[in-house]
Amino acid sequence: MVKAHIAPSILACDFTQLGSQCQHAHSCGADWLHLDVMDGHFVPNISLGFPVIQSLRNLIPKDQGVYFDCHMMVSNPEQWVEELGNIKVDQFTFHYESTKDPLALIKKIREHGMKVGVALKPNTPAEVVDNLGELVDMVLVMTVEPGFGGQSFMPEMMPKVKYIRDKFTSLDVQVDGGLGLKTIDAAAEAGANVIVAGTAIFNAEDQKKVIDTLKQKVNENLKKMGILTE
Ligand SMILES: O=C(CO)[C@@H](O)[C@H](O)COP(=O)(O)O
Ligand SMILES: [Fe+2]
């Protein structure tokens, strides 16, 4: 069922307190954790790798209901599918721009027991998912150039979100970059249901309030669109 999911991006954590900050965000209502993996090649930054994700999965096992959403900002994503499958993350989101054979990659990710997301950089048109939308679980529309947290939201990406939502009503549509209380309305009205927020959640004094508000705005819009019926 398509409904709101709030996915704190751990890039905005204090990494000395990573485990407890993730547990706190979960206790405040975040049901996903967004894990940004950057290789210094596909994007001009290096973030975190598999030992960190493994430690987090050990701390927060799969049965605790926290969905591990890996945003793979890497060249040659095929190389890392097996490793992430073994760590038992829930979803592998690859960049459309990073692979020559998206269909083979989707198949490989599924064979390793993960859900599949495909991410689009700002200059990549929404139409590239015309033939992929039925094959994946989620499309990620980047609302900043990938590589860094704390950037400004790009409202001009909203027609892409709307295009994908109109075409695939039962797909998870994620937005990532600059999301928070000031930008949620635009994203929710366009039809996004998975909201990544790093700075807006981890820098908030009252994380529960921020998460509840983001969730409520998304669910209200999904109801207006007739997508969420409960
Ligand atoms: O993938 C990325 C950046 O490349 C994101 O997940 C950011 O880390 C989101 O951070 P905020 O913009 O919410 O601070
Ligand atoms: Fe991300």
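Predicted model: local features only at pLDDT ≥ 70, side-chain atom pairs only at ≥ 80, totals over all residues.
Biologist: Where do I start with ligand 1? Which residues come nearest to ligand 1?

Modeller: Start with the shell of residues around the ligand. Here the shell around ligand 1 holds 21 residues. Leu11, Pro146, Gly149, Gly198 and Thr199 come nearest.

Biologist: Which helices and strands each supply at least two residues of that shell?

Modeller: Look for the elements that the shell residues belong to. Strand 2 (32-38), strand 8 (194-197) and helix 7 (199-202) each give at least two residues to the shell around ligand 1.

Biologist: How do the shell residues divide into nonpolar, polar and charged?

Modeller: Sort the residues by type. Around ligand 1, eight are nonpolar, 11 are polar and two are charged.

Biologist: What does UniProt list for "binding site"?

Modeller: A record can be read beside the model. The unreviewed UniProt entry lists nine positions by name: Ser9, His71, Gly147, Phe148, Gly149, Gly150, Gly178, Gly198 and Thr199.

Biologist: Take Thr199. Where is Thr199 placed, and what does Thr199 touch?

Modeller: Thr199 sits in helix 7. Setting aside residues up to four places away in sequence, Thr199 touches Ala12, Gly149 and Gly150.

Biologist: Is His71 buried or exposed?

Modeller: Count the C-beta atoms around the residue. His71 is buried, because 27 other C-beta atoms lie within 10 Å and 20 or more is the cut-off. Thr199 has 17 such neighbours inside 10 Å, so Thr199 counts as partly exposed.

Biologist: Which residues are in contact with His71, leaving aside neighbours within four places in sequence?

Modeller: First place His71: it is in strand 3 (residues 67-73). With those neighbours left aside, the contacts of His71 are His34, Leu35, Asp36, Val37, Thr93, Ala119, Leu140 and Asp176.

Biologist: How do I read a nonpolar core?

Modeller: In soluble globular proteins, nonpolar side chains tend to be buried together. In this model, the largest nonpolar core has 71 residues. Val139, Val141, Val161 and Ile195 touch the most other members. Apart from neighbours within four places in sequence, Val161 is in contact with Val141, Val173, Val175, Ala187, Ala190, Gly191 and Ala192.

Biologist: And Lys217? In which helix does Lys217 lie?

Modeller: Lys217 lies in helix 8 (residues 207-224). Lys217 is partly exposed, because 18 other C-beta atoms lie within 10 Å. Beyond neighbours within four places in sequence, Lys217 is in contact with Ile184, Asp185 and Ala188.

Definitions and conventions:
Residues numbered from 1 in each chain as written. Chains lettered and ligands numbered in written order. Near = placed C-beta within 6 Å. Helix = DSSP H or I, 4+ residues; strand = E, 2+ residues; numbered from the N terminus. Nonpolar A, V, L, I, M, F, W, Y, C, P; charged D, E, K, R; others polar. Core = buried A, V, L, I, M, F, W, Y, C linked by C-beta atoms within 7 Å. Buried ≥ 20, exposed ≤ 12 C-beta atoms within 10 Å, placed from the backbone. Contact = placed C-beta atoms within 7 Å. UniProt positions renumbered as here; feature names shortened; annotations may be inferred.
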